[in-house]
Amino acid sequence: GYQIQMDIYVYILRQMKFKVSDTAYFLVCNGLKTPEKFDATLHFDLTLVPYDTDTGWIKDKIVQMKEVLDCKEVPEINKFCEKCMFLDTGKSFI
């Protein structure tokens, strides 16, 4: 999910005529469990993870999204989509 989000940010910034690198970086912070006591201090392991962005898929996806928005009928629920299933299941509680 974060990679898709980064691809979209790069695409948008390039559409706005900004010069954006093909390589993005994610800073991953994981809490360490090694200290024997808390002492109101948290310790983290930091890792910088490079990611080569891919914006080639975005334009076609925007066209598909627009087609769905322009449809006269609501599309079928995607049984593999977590959000679709959440919304569909939520209808039974109304």
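In the predicted model, helix 1 meets helix 2 through Asp7, Ile8 and Tyr11 on one side and Ile58, Lys59 and Ile62 on the other. By class, this contact has four nonpolar and two charged residues, and no polar ones. Helix 1 spans residues 2–15 and helix 2 spans residues 58–70. Their axes lie 11 Å apart, at an angle of about 95°. Helix 1 is therefore roughly perpendicular to helix 2.

The structure holds one aromatic pair. The partners are Phe26 and Tyr51. Their ring centres are 5.9 Å apart, and the planes make an angle of 45°. The pair counts as tilted. Phe26 belongs to strand 1 (residues 23–31) and Tyr51 to strand 2 (residues 44–52), so the pair ties together parts that are 25 residues apart in sequence. Phe26 and Tyr51 are both buried.

The structure holds zero disulfides. Cys71 is in no disulfide. The nearest cysteine sulfur to that of Cys71 belongs to Cys84 and is 14 Å away. Cys71 has a relative accessibility of 45% and so counts as partly exposed. For Cys81, the closest cysteine sulfur is also that of Cys84, at 3.2 Å. This distance is too far for a bond, because a disulfide requires the sulfur atoms to be within 2.5 Å. Cys81 is partly exposed, with a relative accessible area of 24%.

Conventions:
Residues numbered from 1 in each chain as written. Predicted model: local features only at pLDDT ≥ 70, side-chain atom pairs only at ≥ 80, totals over all residues. Heavy atoms only, no water. Axes fitted to C-alpha atoms, helices over the stretch in contact; angles between N-to-C directions. Helix = DSSP H or I, 4+ residues; strand = E, 2+ residues; numbered from the N terminus. Parallel < 35°, antiparallel > 145°, perpendicular 65-115°, else oblique. Contact = heavy atoms within 4.5 Å. Nonpolar A, V, L, I, M, F, W, Y, C, P; charged D, E, K, R; others polar. Buried < 20%, exposed > 50% of the residue type's maximum accessible area, 1.4 Å probe, protein only. Phe/Tyr/Trp six-rings, centres within 6.5 Å; stacked < 30°, edge-to-face > 60°.
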